[in-house]
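Have the model open while you read.

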Amino acid sequence: MASSKEYLDFMLDQLSGLDEISYRTMMGEYIIYYRGKIVGGIYDDRFLVKPTKSAVAMMPDAETELPYEGAKAMLLVDNVENRDFLRDLLEAMYEELPAVKKKK
(Lines give C-alpha, C1' and ligand atoms only; values in the text may rest on other atoms or scores of the structure.)
Protein backbone atom coordinates (compact mmCIF):
# COMPACT_ATOMS: atom_id res chain seq x y z
CA MET A 1 0.00 0.00 0.00
CA ALA A 2 1.41 3.38 -0.92
CA SER A 3 1.32 6.39 1.37
CA SER A 4 -1.19 9.13 0.72
CA LYS A 5 -0.30 12.66 -0.32
CA GLU A 6 -2.55 13.85 2.52
CA TYR A 7 -0.38 12.07 5.13
CA LEU A 8 2.77 13.51 3.54
CA ASP A 9 1.24 17.01 3.69
CA PHE A 10 0.26 16.45 7.34
CA MET A 11 3.80 15.36 8.27
CA LEU A 12 5.42 18.21 6.36
CA ASP A 13 3.17 20.61 8.26
CA GLN A 14 4.13 18.95 11.56
CA LEU A 15 7.83 19.33 10.65
CA SER A 16 7.45 22.91 9.39
CA GLY A 17 9.23 24.29 12.46
CA LEU A 18 12.50 22.86 11.16
CA ASP A 19 14.59 24.46 8.44
CA GLU A 20 15.58 22.43 5.40
CA ILE A 21 12.98 19.66 5.52
CA SER A 22 12.58 18.04 2.12
CA TYR A 23 11.34 14.80 0.67
CA ARG A 24 11.73 12.57 -2.34
CA THR A 25 9.13 10.21 -3.74
CA MET A 26 10.25 6.62 -4.06
CA MET A 27 7.94 3.84 -5.24
CA GLY A 28 4.80 5.39 -3.75
CA GLU A 29 6.48 6.24 -0.46
CA TYR A 30 8.39 9.34 0.72
CA ILE A 31 11.97 9.64 1.96
CA ILE A 32 12.30 12.50 4.48
CA TYR A 33 15.48 14.62 4.60
CA TYR A 34 16.59 17.04 7.28
CA ARG A 35 19.38 19.41 6.29
CA GLY A 36 20.34 17.07 3.46
CA LYS A 37 20.47 13.86 5.51
CA ILE A 38 17.93 11.05 5.41
CA VAL A 39 16.15 10.82 8.77
CA GLY A 40 13.51 8.32 7.74
CA GLY A 41 10.41 8.27 5.66
CA ILE A 42 6.71 7.82 5.30
CA TYR A 43 5.78 4.23 4.55
CA ASP A 44 2.17 3.02 4.42
CA ASP A 45 1.11 6.26 6.14
CA ARG A 46 3.52 5.66 9.04
CA PHE A 47 6.39 7.99 9.97
CA LEU A 48 9.48 5.81 10.52
CA VAL A 49 12.94 7.08 11.49
CA LYS A 50 16.38 5.54 11.54
CA PRO A 51 17.19 3.87 14.87
CA THR A 52 19.99 6.20 15.96
CA LYS A 53 21.11 6.21 19.60
CA SER A 54 19.31 9.48 20.27
CA ALA A 55 16.08 8.29 18.61
CA VAL A 56 16.11 5.10 20.69
CA ALA A 57 16.80 7.15 23.83
CA MET A 58 13.93 9.54 23.09
CA MET A 59 11.51 6.73 22.18
CA PRO A 60 12.56 3.75 24.34
CA ASP A 61 9.23 1.99 23.86
CA ALA A 62 8.95 2.60 20.12
CA GLU A 63 8.08 -0.36 17.96
CA THR A 64 10.53 -1.37 15.27
CA GLU A 65 8.92 -1.91 11.90
CA LEU A 66 10.05 -2.70 8.40
CA PRO A 67 9.32 0.08 5.93
CA TYR A 68 9.11 -2.55 3.16
CA GLU A 69 10.12 -6.16 2.57
CA GLY A 70 13.88 -6.64 2.80
CA ALA A 71 14.60 -3.25 4.41
CA LYS A 72 16.34 -2.56 7.71
CA ALA A 73 14.06 -2.07 10.71
CA MET A 74 13.16 1.50 11.64
CA LEU A 75 11.46 3.11 14.62
CA LEU A 76 7.77 3.95 14.42
CA VAL A 77 7.12 7.52 15.58
CA ASP A 78 3.71 7.43 17.24
CA ASN A 79 3.89 10.94 18.71
CA VAL A 80 3.38 12.69 15.36
CA GLU A 81 0.88 15.17 16.82
CA ASN A 82 3.60 16.81 18.98
CA ARG A 83 5.55 19.30 16.83
CA ASP A 84 8.03 20.11 19.62
CA PHE A 85 8.85 16.43 20.08
CA LEU A 86 9.35 15.95 16.32
CA ARG A 87 11.66 18.98 16.14
CA ASP A 88 13.70 17.77 19.12
CA LEU A 89 13.87 14.24 17.71
CA LEU A 90 15.21 15.26 14.29
CA GLU A 91 17.64 17.77 15.77
CA ALA A 92 18.99 15.12 18.18
CA MET A 93 19.34 12.57 15.36
CA TYR A 94 21.09 14.89 12.91
CA GLU A 95 24.72 14.51 14.06
CA GLU A 96 24.41 10.72 14.17
CA LEU A 97 23.19 10.41 10.59
CA PRO A 98 25.60 9.68 7.76
CA ALA A 99 26.06 12.23 5.01
CA VAL A 100 24.12 11.47 1.84
CA LYS A 101 26.31 9.86 -0.81
CA LYS A 102 26.52 11.85 -4.02
CA LYS A 103 25.51 10.04 -7.20
CA LYS A 104 28.23 9.74 -9.80
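This is a predicted model: local features need pLDDT of at least 70, side-chain atom pairs count only at pLDDT 80 or more; totals for chains, interfaces and linings use all residues.

1. Ground rules. Numbering starts from 1 along each chain as its sequence is written, and side-chain values use heavy atoms, with hydrogens and water left out.

2. Strand 3. Six of the seven residues of strand 3 (residues 37-43) are buried, so the rest of the structure largely encloses it. Buried here means under 20% relative accessible area, with exposed over 50% and partly exposed in between (1.4 Å probe, protein chains only). Strands are DSSP runs of E with at least two residues, helices are runs of H or I with at least four, and both are numbered from the N terminus.

3. The strand 2 side. Strand 2 (residues 29-34) runs antiparallel to strand 3, and five bridges join them; for two strands to pair, DSSP has to find at least two bridges between them. Tyr33 has Ile38 of strand 3 as its bridge partner. The hairpin leaves two residues between these strands, and Arg35 takes a positive phi near 50 degrees there.

4. The strand 4 side. Strand 3 is also joined to strand 4 (residues 46-49), antiparallel, by four bridges. Gly41 stands opposite Leu48 in strand 4. This is a hairpin too, with two residues between the strands, and Asp44 in the turn has a positive phi of about 50 degrees.

5. Aromatic pairs. Rings of Phe, Tyr and Trp (its six-membered ring) pair if their centres lie within 6.5 Å; planes under 30 degrees apart are stacked, over 60 edge-to-face, the rest tilted. By this rule there are four aromatic pairs. One of them is Tyr7 with Phe10, tilted, at 5.9 Å centre to centre and 45 degrees between the planes. The two are three residues apart in helix 1 (residues 5-14), so about one helical turn separates them. Tyr7 counts as buried at 17% relative accessibility, while Phe10, at 26%, counts as partly exposed.

6. Tyr34 and Tyr94. Their ring centres are 5.6 Å apart with the planes at 80 degrees, so this pair is edge-to-face. Tyr34 lies in strand 2 and Tyr94 in helix 3 (residues 83-94), so the pair ties together parts 60 residues apart in sequence. Both Tyr34 and Tyr94 are buried.

7. Charges over Tyr94. What sits over the ring of Tyr94, 3.9 Å from its centre? The charged end of Arg35 does, and the charged end of Lys37 sits over the ring of Tyr94 as well, 4.3 Å from its centre. The criterion is NZ of Lys or CZ of Arg within 6 Å of the ring centre and within 35 degrees of the ring normal.
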